[in-house]
Amino acid sequence: MGADEIRSQGFSLKELLRDVTYEIDYYQRDYTWGEDEVRTLLRDLCGSFRNWSANPSYLRRPHTAPQYFLGPFVYYEPSRNQRYLVDGQQRFVTLHLLFLQLRLAAQERADTRAVDRLNRVITTDGEHFSLGITDHEPVLRAVAEARTYETGVWDSLSRRNLWARSQQIESQLAEELDAENLTRFTEWLLDRVVLVGIRAASSDHGYRMFETMNDRGARLTAVDLLKSHLLSHVGANEDQLNTQWQEMLRELATDREDHAAASRFIKAFLLARCAREGQDEDRRQIDSNLNVWVRQNAAHLQLVPERPENFLHFVQDLLKSARLFRPFLAAGRALKTGGDRLETVLFSERNGLTCQAVAILAAIDPDDRPSDAKDKGRLVADYMDRWYALRVLQDLPVQSADADTLAHDTLVPLLRRCRTAADVAAALGDLVTQDPGSIRDAVTLGLRGNNAHQIRYLLARATAYVEEACQRPHDVLAYLDRDRFHIEHLWANHHHRVKEEIPDPVVFRSRRNQLGGLGLLMGRENSSINDLPLHDKAAYYARSNVLLGIIAPGYDQRNPLLREFIKTHKLDKVLRPFGPRETMTSLVQTRQELYLCLFEHIWNPERLGLPITSASEPEDGAQPPARPGRHAAPTGGRAPSHRRRPHGRRPDPHRRHTNRAHLPLHRSLGHHRRRRRHHPHRDRRHPLRPGRRSRRRRPRHQNLPGHERMAHRRRSRSPHQPAHPARSRGGLRRPLTPPGITDVGCRPLLAGGQEVNRITGTHRSLPSWQNRLATTGA
C-alpha cells in the first residue's frame, strides 16, 4: 500500500467484529448520541427487518435477501486484530449496546445459539469487549450483567449517556419487536446488515481525513446549511435575518446538552406547516435532509430570488412559532401541572409519541396569542394521550409508526384548517366520535412480556388520579419509574393456593396477570412481601396508595375524602375492601371493572375539553324529534294532563301490549265479556261506616253509551292515539284495537270514505276493505 493510499471493503456485522478490537484516538469526541439518533437507528433496523420477514422466500433462503447498508466508517489498522476508529464511533457504540440487550433477551429465552453468536461479536476472548474504550467499560459491564449502574457526579458525559441509551434500547426493543421475533432479528442483524470500511494508511493520514470530513472538528449541520441558504437570498436584510435566527435558537435552548433541539423543531415546523398533504416523499426528505428539501421546493414555499422579503418572513414565522412552542418544549422535559395542565406532553414524550410536536405546530398559527396557542397545544396533547391509552386498552399496536400515521395523515390536515381553540376542540371531538371500540372492551387486558411499559402507564395514571382526588401527596413520575415502583401482583405465583377454585395453571397465570390483579407498590415493599398470601399483604397495602390500600378491611373508615370520591364517581361496588373469603376470580373482575371506570373518568372527552356531538343530533339548531311516550305531546294537539289517576295504578310504559290482530273480528273489536279484575279501590269498606261500601264518583266516560264507552277505553290504552283533550281520569289499561281495525259502530262515515270520531273529532280515510265493511254493515 502506498503512503496515502485509501482502500474500502464491505463488512457484515458478524465479520466486522469477529476477533477484532476497536479503539478511538484522543481527538475523538465523547459518545453523544441522544434519544432521537438511537430511536431513528433502531426504527430503521426494525422496519427493514419487518419488511424482510414478511417475504416468505427470504425466510426460506436468507442469503438471497437484499443487504441493509448502515453507512461507511473510517479506520486505520496499526497492527493485526487492532483497529482505530476515525469516523463511526457513535454507530459502533450503539450497535454494541444493542448486542448486549439482545444477548440478555436470548439468555432469558434460553436460546443458546443466539447467545453464542452474540458472544463472538461482543467480546474477543470471552472477557474483553470488542469495543476497547476504557471509559465505557464500567457501564458495559453493568449492562452485560443486568445490573443497575449508579451514575455520579464524577462520571463522564459518555458514561451517563451510555447508561441512558442502554435503557432506551431495552424499552424500544420491547415496543418494536415481539419476543418470538428476536431470534430472527438477531440472525438478520448479524448476516444482512453491512457497513463499508474506508481504511486510512496511517494514524496521521486518518487524522487528516478526520479534519477534512468534519471541517476541522465543526461539521456543518442541516440547520447551518439552511441558514446559509436563507442568508444568501435575503438581500439587504441579512443582519435582521441573522439576528432573528439566533434569537430562535435561544428560544429553543431549554437544555444545554441538547444540541439537536433546533433541528427537531425546524423539521416539525416544515412537516406541520409546509409539507404537502399525502406526499410521503416530503416527509422522508425533511427527515433526512431538510435543507435539501427547502431548496428543491422553493417554488412551493415561495422562497424564490425574485421575492427576497419572503426569506425574512420565513425566518420570522420560525421565530414566532418557536416562542409559542417553548412552553411545550419545556413541558416535554419536566412535569408541568397546575394552571398550564401540560402534563400529557411529558407523558406522550415518555410513551414515544414524539410526533406530537408536529401535530401541535399544525394547530398553532405563528400569529396566535400565547394563551390561544397553549390552549390549542394542550387539546392536541390530551387527544394524543387519550389515543395512546385507548390503543393500549384495545390491545392494538402503539409503535412509533402508528403514531406517525395518526399525526401526519389525520391530525395535520385537520388541524391546519382550524383557526381558533374552539375549532381545534370541535375537530378533535369529531375524531373521538369516530374512535372504534370502547374502554369497556378491555375486560381481559393484562400484563404480557412486551407490554409492561403500557400497563405501568395505565396503573400510574389511575393511581395518581385517585391520590389527587383524595388530596394525598403523590408523584406520577415516581410511579412511572420501574426502579422506584414495581408492578405488584396481588396473588403470588403459587397456584396451589387457589387450585380448588382454578384447577388449570394456565388460567391461573392469565388471571394473575390481568389488570385487575395488579397495582403499583414501592420496590422495597414489593421485595419483602412478594410471596405472602393476599390477606397477609393487605396490612402492607394500607401503607401504600389508595388503590392498593382499599383492599384492606376498614381502610375507608375515617377517610371522608375517599368516601366522597367513591360517592361522586359511583364506585361503591368496585372501590371497596375485600374479605378473606373473596375468590380470586371475583376480586380480579371487580378490580378490573374499577380500573375501567377510572379510565373512563381520566380520559373522558368532556373532561379533556373535547365536545362530543351525537351522530343523531340535528344540524342547524333544529330540535330532535320527541321520543313517543307518555310524556310526549300529541301531534297537532295540546299535551296530555299529568294529574295522577284516582282509580287504578299509573300505566306502565314498559308493559307489553297484547297483539289481538289474530282474534276474530267481533272479539278484536272488544265485543266480548271480560272477567272483572281486582281493583284496589273496589270493595273497599267505608272507614266510618262498617258494612257499607264507600261511594265512588263515577268516571266521566261511564256516562257515555255502552259502545262509545268501550271505544273510549280502548283509546285510553293506546300508545299510538292522542289522548282525549277533556279526559282527566279513568280508563282501563288494555291495548287499543290494532292498526287497521276500525270501530265502525262509533265512527260515522262521511262522504268519500272518511270517518269521524265523535269523541276526539278527528277524521281519517278508511282502507278499502273497511269502507266496504262499514257500508254493507257486515
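Which strands does helix α8 (residues 182–192) lie across? I found that α8 lies across β1, β3 and β5, and runs at about 30° to β5.

Ground rules. This is a predicted model, so I noted that local features need pLDDT of at least 70, that side-chain atom pairs count only at pLDDT 80 or more, and that totals for chains, interfaces and linings use all residues. Residues are numbered from 1 along each chain as its sequence is written, and side-chain values use heavy atoms, with hydrogens and water left out.

Terms. Helices (H or I, at least four residues) and strands (E, at least two) are DSSP runs, numbered from the N terminus. Axes are lines fitted to C-alpha atoms, for helices over the stretch in contact, and angles run from 0 to 180 degrees between N-to-C directions. Contact means heavy atoms within 4.5 Å.

Entry 1, the sheet. I traced five strands in an open sheet, ordered β1-β5-β3-β4-β2, with mixed pairing. Two strands pair if DSSP finds at least two bridges between them. At the edges I found β1 (7–12) and β2 (21–24), each pairing on one side only. Neighbouring strands are turned by 40° against each other on average, direction ignored.

Entry 2, the partners of β5. I looked at β1 beside strand β5 (residues 193–199): the two run antiparallel and are joined by six bridges. Here S8 stands opposite I198, and S12 has V194 as its bridge partner. I then turned to β3, which pairs with β5 in the parallel sense over six bridges. There Y68 stands opposite V193 of β5.

I saw helix α2 (residues 35–53) lying across β3 (68–79) and β5. Its direction is at about 120° to β3.

Helix α12 (residues 261–274) packs with α18 at an angle of about 55°, and their axes are 8 Å apart. That angle makes α12 oblique to α18; under 35 degrees counts as roughly parallel, over 145 as roughly antiparallel, 65 to 115 as roughly perpendicular and the rest as oblique. The crossing is right-handed, meaning the near helix is turned clockwise from the far one by less than a right angle, with anticlockwise being left-handed. I listed F265, A268, F269, L271, A272 and R273 of α12 meeting A357, V358, L361 and A362 of α18. By class, I have nine nonpolar, no polar and one charged residues in this contact. Ala, Val, Leu, Ile, Met, Phe, Trp, Tyr, Cys and Pro count as nonpolar, Asp, Glu, Lys and Arg as charged, and the others, Gly among them, as polar.

Helix α16 (residues 308–331) packs with α18 (residues 356–363) at about 130°, the axes 11 Å apart. That makes α16 oblique to α18. I noted a right-handed crossing here. S321, F325 and F328 of α16 make the contact with A357, I360 and L361 of α18. By class, this contact has five nonpolar, one polar and no charged residues.

I found R417 in the loop between α20 (400–415) and α21 (421–433). Is R417 buried or exposed? R417 counts as exposed, at 57% relative accessibility; buried is under 20% relative accessible area, exposed over 50%, partly exposed in between (1.4 Å probe, protein chains only). The C-alpha atoms of R417 and A427 are separated by 9.5 Å, with the two 10 residues apart along the chain.
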